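Biologist: I am new to this structure and would like to learn how to read it. Could you take me through it one feature at a time?
Modeller: Gladly; let us look at it together.

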Amino acid sequence: MISRVRLAACLVLFACSTAAQAQKQQVIGAPPEASNMKLVGTNDLQARSAYQPTIHHQGDRWIAYIGHHGGTDDVPSPVNPMTGQAEPNGTSIVDVTDPAHPKYLRHLPGQEGKYESGGAQMVRVCDGKSLPMGDPNAVYMLRTFGSQAHEIWNVADPASPVLVTRLSGLKDTHKSWWECDTGIAYLVSGAPDWRTRRMTQVYDLSDPAHPQKIRDFGLPGQEPGSTGAVPTELHGPISTGPNGNRVYFGYGTNKGGILQIVDREKLLTGPKEPTPDNLRYPEISRLPMSAFNGAHTTFPMLDMPVAEFAEDKDGKTRDIVMIVDEAILNECTEARQMVWFADVTTEARPMMISSYTVPEASGQFCQRGGRFGSHSSNESMAPVYYKKMAFIAFFNAGVRALDIRDPYHPKEVGYFIPSITSATDKRCIPVEGGARCKVAIQTNNVETDDRGYIYIVDRANTGLHILELSGPARAVAGLPKN
Amino acid sequence: MRRRATIALAAIALGASGVGAYQLAPAPAEQAAHWREIAWPFPRDGWPKGRAFRCDGACTGAELYVRAKRGFCNCDRGVADDDEVDRVADIDLISPRLSAMALGEEVGIGDMRGRARRYDLDMPDGARHAAIGIAVSRRCELIVAAALGRGDVSAVQRAALAFPETQEMKTWATAALDGR
């Protein structure tokens, strides 16, 4: 009798745990999970693993340029249904003028290779008429070509890009920055003779057809011929241009992050030979982060009025840098990667003031599969959201909308976790004797356009989702009710 | 017998490096190395702590620090060059003032391939020591080892490469790389 009771109890426990497990994992056909954000339109991006989206207002059209990681073990080069050819992942070009009905225009193949060893992850776009020496009829797309090169294409006709320039001979690339009003570009490169996988090559791309190298830059200890420990590699810079005269460099991925604040003018005009002294010359300060966290995105929001300090004699406005770490391991097998806000008003002594993470228990995200943690933020500085809201790609927790008007107390006001589809790729962890895999959304990157649409792309091949705010979240940005 | 086994393991470990391996390890050890586990001596950093050992026998006084690092970015290329060894091999835990002595060489531990390199370290007390950095990869995971020599550097290197081949260390490394 007792053994029957035990058996029954075990069966009930097993059934409960199975049901709980099922609840944690996404299933095909289930609706998206959302709060104060709603889906406007989608595109499957030919089931290619997506990294950086850039949305460009081009004449009377809105075009999304989306960089891709390389292919997967199962599908190294997906077939482009527009050409019928297997093409290594590169750049998707999508007309999002009508966000409810995005129209895929062109896939521009990238470097052969899987995951981070191929593709064309990064993309930035500048109008020729804004560049000092650009062809005014051209629209220039700067992209990476896998780990080998940076390329500039004329995408005035986004369906028929034309190659303009190629800067090759590199051992790696990543998330570059391009000032459209000056043409100065901070290219994340792996110069062959540097000791680090990623550093900065500063170029004058004001005439994209004739790139002019200005200098190489990095942390002392990374330069050729140096000895000693090698500092953390670069992830990406963001410049405030000649007016702000600062470049914020983020180093690290999920460990040992550094925010480096650099005087742009000194960087561009200072001594260029990569000696330790010359590399230190333009640096204003550094904010070393915990060894547990890296700096994927360092997004400046300068001169922010902080309501709480409005009556104070000094310090009413603050210079803030939002730092986003990148989670890289599946199923929470690393320290939590999240979002940090640094007050850099006193530049020589930057200080962390607040942080944000998705509460794990709110969705049992460590059980869902794939990565859980932050990766990136929107990088548009268009007035619609700048200094009011930030959007954070949080892998299996989708995109998170933050009210950042008080950066000392950032607050989540919305989220959207897309549904998985048959294209969503599995994510595995090693277990004794093999691997265990789960399928989950992996919201990788996010960008916004001047109209207020939010574009999220999936690392696990689920494509592009175009979103808009709804409910009270719209009021945070000052958008009319919908 | 034990010495023969050590030499055999070292030969397997260095098998892929051919002439280079000979240059790194010019002479067999005169006596067996015995690694005795000690406390991990370094403060917490971004990676979970590893295991530390002190050598008796062929490499008396040498210390070996071994760690698993999950989340290595060069998943496809692996540890392809000496710069990678400089970056990941934990030599800088012993002293950040390090200089590579020579080009590194390809090495292997079990199925994992990578590179080893010799360094000169300036220690905080002004002393100079030889060290060996080793990094081998399994897709996106690394096993790294840093050995601090106090005697014959070649013997230390042979012993440092052979020790991870022991069954105990292989079992530990597999579990650590799997996140268990």
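Modeller: Keep in mind that this is a predicted model. Let us begin with one residue: Thr443(A) is buried, because 32 other C-beta atoms lie within 10 Å and 20 or more are enough to count as buried.

Biologist: In which strand is Thr443(A) found?
Modeller: Thr443(A) belongs to strand E32 of chain A, which covers residues 443–448.

Biologist: Which residues is Thr443(A) in contact with, leaving aside its neighbours within four places in sequence?
Modeller: Those contacts are Ala393(A), Phe394(A), Phe395(A), Gly398(A), Val399(A), Ile456(A) and Asp458(A).

Biologist: How should I read a nonpolar core?
Modeller: In soluble globular proteins, nonpolar side chains tend to be buried together. Here the largest nonpolar core has 115 residues, and Val399(A) and Tyr455(A) touch the most other members. Strand E27 of chain A, residues 389–395, gives this core its largest share, 7 residues. There is also a second, separate core of 50 residues, with Cys59(B), Val66(B), Ile109(B) and Ile132(B) among them.

Biologist: Which residues is Val399(A) in contact with, beyond its neighbours within four places in sequence?
Modeller: They include Phe391(A), Ile392(A), Ala393(A) and Phe394(A). Tyr415(A), Phe416(A), Val446(A), Ile454(A) and Ile456(A) are also among them, as is Thr443(A), where we began.

Biologist: Now let me step back to the whole chain. How many helices and strands does chain A have?
Modeller: Chain A comes to 6 helices and 34 strands. Its radius of gyration is 23 Å, close to the 23 Å that the globule rule gives for 482 residues, so chain A is as compact as a globular protein of that length. Buried residues make up 53% of chain A. Of its contacts with a separation of 6 or more, 58% are between residues 24 or more positions apart.

Biologist: Which strands pair with E8(B)?
Modeller: Strand E3 of chain B (residues 63–70) runs antiparallel to E8(B), joined by 8 bridges, and Tyr65(B) has Ala146(B) as its bridge partner. Strand E7 of chain B (residues 128–138) also pairs with E8(B) in the antiparallel sense over 8 bridges, with Val136(B) opposite Ile143(B). E7(B) and E8(B) form a hairpin with 2 residues between them, and Arg139(B) in the turn has a positive phi of about 50°.

Biologist: What should I make of a positive phi?
Modeller: Most residues other than glycine have a negative phi. Two cases in chain A are worth a look. Ala47(A) has a positive phi of about 55° and lies in the loop between strands E2 (37–43) and E3 (50–58) of chain A. Glu331(A) also has a positive phi of about 55°, in the loop between strands E23 (317–324) and E24 (339–343) of chain A.

Biologist: Is Glu331(A) buried or exposed?
Modeller: Glu331(A) is buried, with 21 other C-beta atoms within 10 Å.

How values were computed:
Residues numbered from 1 in each chain as written. Chains lettered and ligands numbered in written order. Predicted model: local features only at pLDDT ≥ 70, side-chain atom pairs only at ≥ 80, totals over all residues. Helix = DSSP H or I, 4+ residues; strand = E, 2+ residues; numbered from the N terminus. Rg over C-alpha atoms; globule rule 2.2 N^0.38 Å. Buried ≥ 20, exposed ≤ 12 C-beta atoms within 10 Å, placed from the backbone. Contact = placed C-beta atoms within 7 Å. Core = buried A, V, L, I, M, F, W, Y, C linked by C-beta atoms within 7 Å. Pairing = 2+ DSSP bridges.
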